[in-house]
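Here are my notes for you, written as numbered points. Keep the structure open beside them as you read.

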Amino acid sequence: SCLVGSEMCIRDSYMVEQARYMVAVYDNTHNMRSGTQQTVNYAKKKGLQIIYIHPDTAQVTEEDITKK
């Protein structure tokens with residue numbers, strides 16, 4: 001979780017709350033508790049459709065929220 005009340009936490013939470021889906025440049029296998037990871041996790045909790053773009057390969061994948 002992010003530091004409650006921090007500007008980044010407020011900004012990221014606001015973006016998720018306003019969004020219908022998320023596009024994230026994100027590598028889950030090499031992620032070390034980043035702000036991006038925290039925002040992606042929050043978006044998952046909120047049930048947003050998430051499209052991932054791998055930062056090294058540009059491979060695009062999509063999280064299928066209909067299977068949850």
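1. Start with the sheet: it is open, with three strands in the order β1-β2-β3 and mixed pairing. Strands here are DSSP runs (E, at least two residues; helices are H or I, at least four), numbered from the N terminus, and two strands pair if DSSP finds at least two bridges between them. β1 and β3 are the edge strands, each pairing on one side only.

2. A word on the source: this is a predicted model, where local features need pLDDT of at least 70, side-chain atom pairs count only at pLDDT 80 or more, and totals for chains, interfaces and linings use all residues. Residues are numbered from 1 along each chain as its sequence is written, and side-chain values use heavy atoms, leaving out hydrogens and water.

3. Now look at β2 and β3, which run antiparallel and are joined by four bridges. Across that pairing, I51 sits opposite E62 in β3.

4. Is E63 buried or exposed? It's buried, because its relative accessible area is 15% (buried means under 20%, exposed over 50%, partly exposed in between, with a 1.4 Å probe and protein chains only).

5. Finally, which residues does I50 touch, leaving aside those up to four places away in sequence? They are M22, V40, A43, K44, T61, E62 and E63, where contact means heavy atoms within 4.5 Å.
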